[in-house]
Amino acid sequence: MRVLVVGAGVVGLTTAVCLAETGYDVHVLARDLPLETTSSVAAALWYPYLADPPERIFGWAERSLQVFSHIAHQSPEAGVRLVRGTELLKRHCADPYWAAAVRSFTRVDNPPAPYADGWSFEAPIIEMPVYLGWLRDRLEAAGGTVIRMALPALPGAAELVINCAGLGARHLASDRSVVPVRGQVLHLAQVGLNRWSLDAEGPTYVVPRRRDIVVGGTDVEADWSTRPEPSVATDILRRATSLVPELVDARVLGHRVGLRPVRPSVRLESEQLSQGGRAIHCYGHGGAGVTLSWGCAAEVLSLAASR
Ligand SMILES: Cc1cc2nc3c(=O)[nH]c(=O)nc-3n(C[C@H](O)[C@H](O)[C@H](O)COP(=O)(O)OP(=O)(O)OC[C@H]3O[C@@H](n4cnc5c(N)ncnc54)[C@H](O)[C@@H]3O)c2cc1C
């Protein structure tokens, strides 16, 4: 069966790969190509952040963690590595709801001042510019295509359309509950860092990649600006250096901004369109589109198979 996937971010490409490898004739239509999407800006650490509801997020995140771990072991060219790191907290907290999905999860015994608590675990770090290219190659190897096309509406006459348009669903699905949550990051030169660090306040995160380090961040709701702000970058760098002092002399390589597609809950459901076709909506993954990508793609696949 022919399937049109709208969107070439991590959600659209992962879904397209799953469908194409199952035998569907898949074509991705996207206004922005993979390296121009919000997905290309992601840090990207496996971490369920700014996405709801927890009871659905858990399964999607758990499944994605399994697949990313497999990719890290089997496909070194994909840009996925398993890296241990620590989240520090200013007050004592119960284990997060997703901890049960993470076998390597441990509590931090003596957190450094000013922190009172923390946890540590091994998480996939996904180097998005490399990984999105790898996903696209995998899709094309399975017979799929990626075509640049800005759509004025969902192609409702197609037999099956998968709507992975992220923020674009505000228009394509007339869904104003998807809002941008602006995130700004800096890229620093590597200084030999091999652990990730996170402080939920800020939020502040330091994610080492092979050749550089992504540091963030911000989460400003309803801010549509994609221009990096110098004063925000200075503040991010101050917070990141206080969390990871080794960054003090790291050279700044660049700045990026992305708009997270946040929704009160991720929309993943099937809808009959008035023109006769069927849509499966899969958008609104907030700050966790990478973290949820394989779990959501598996659910789209089972919805596609059920009529
Ligand atoms: C600074 C920052 C750090 C982040 N860090 C992490 C992290 O560590 N871990 C994590 O899991 N997540 C992270 N995220 C969140 C993650 O980036 C998003 O959840 C994810 O990118 C959403 O993917 P998506 O494919 O749904 O949307 P997008 O990547 O935005 O892709 C949407 C696609 O739909 C297309 N589209 C939209 N409208 C139309 C139209 N009318 N016609 C045709 N095509 C259309 C676009 O062109 C694009 O191709 C981060 C985000 C930011 C900004």
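In this predicted model, helix H1 passes helix H3 in a left-handed crossing. The axes of H1 and H3, the latter covering residues 128-141, come within 9 Å and cross at roughly 30°. Angles under 35 degrees count as roughly parallel, and H1 and H3 are therefore roughly parallel to each other. On the H1 side the contact is made by Val10, Leu13, Thr14, Ala16, Val17 and Ala20, which meet Leu132, Leu135, Arg136, Arg138 and Leu139 in H3. By class, the residues of this contact are eight nonpolar, one polar and two charged.

H1 also packs against helix H6. Here the axes come within 8 Å and cross at roughly 40°. H1 and H6 are therefore oblique to each other, and their crossing is right-handed.

Ile57, Gly59, Trp60, Ala61, Glu62, Arg63, Ser64 and Val67 in H2 meet Thr291, Leu292, Ser293, Trp294, Gly295, Cys296 and Ala298 in H6. Eight nonpolar, five polar and two charged residues make up the contact of H2 with H6.

The next topic is the ligand. Of the 43 residues around the ligand, those that come nearest are Gly9, Gly166, Gly168, Gly258 and Gly289. Several elements give two or more residues to this shell: helices H1 (10-22) and H6 (289-305), together with strands S2 (25-30), S8 (179-189), S13 (252-272) and S14 (278-285). The shell divides into 23 nonpolar, 17 polar and three charged residues.

Some features of the backbone lie in loops. Most residues other than glycine have a negative phi, and most peptide bonds are trans. Against that background, a cis peptide bond joins Ala113 and Pro114, with omega about 10°. Pro114 sits in the loop between strand S4 (106-107) and strand S5 (117-126). A cis peptide bond also joins Gly202 and Pro203, where omega is about -15°; Pro203 is in the loop between strand S9 (196-199) and strand S10 (204-208). Ser174 is not a glycine, yet has a positive phi of about 45°. This serine, Ser174, lies in the loop between helix H4 (169-172) and S8.

Finally, the chain as a whole. The protein chain has six helices and 14 strands. Along its principal axes the C-alpha trace spans about 60 × 40 × 35 Å. A compact globule of 307 residues would have a radius of gyration near 19 Å, and the 19 Å of the protein chain agrees with this.

Terms used
Residues numbered from 1 in each chain as written. Predicted model: local features only at pLDDT ≥ 70, side-chain atom pairs only at ≥ 80, totals over all residues. Near = placed C-beta within 6 Å. Helix = DSSP H or I, 4+ residues; strand = E, 2+ residues; numbered from the N terminus. Nonpolar A, V, L, I, M, F, W, Y, C, P; charged D, E, K, R; others polar. Axes fitted to C-alpha atoms, helices over the stretch in contact; angles between N-to-C directions. Parallel < 35°, antiparallel > 145°, perpendicular 65-115°, else oblique. Left-handed = near helix turned anticlockwise from the far one by under 90°. Contact = placed C-beta atoms within 7 Å. Rg over C-alpha atoms; globule rule 2.2 N^0.38 Å.
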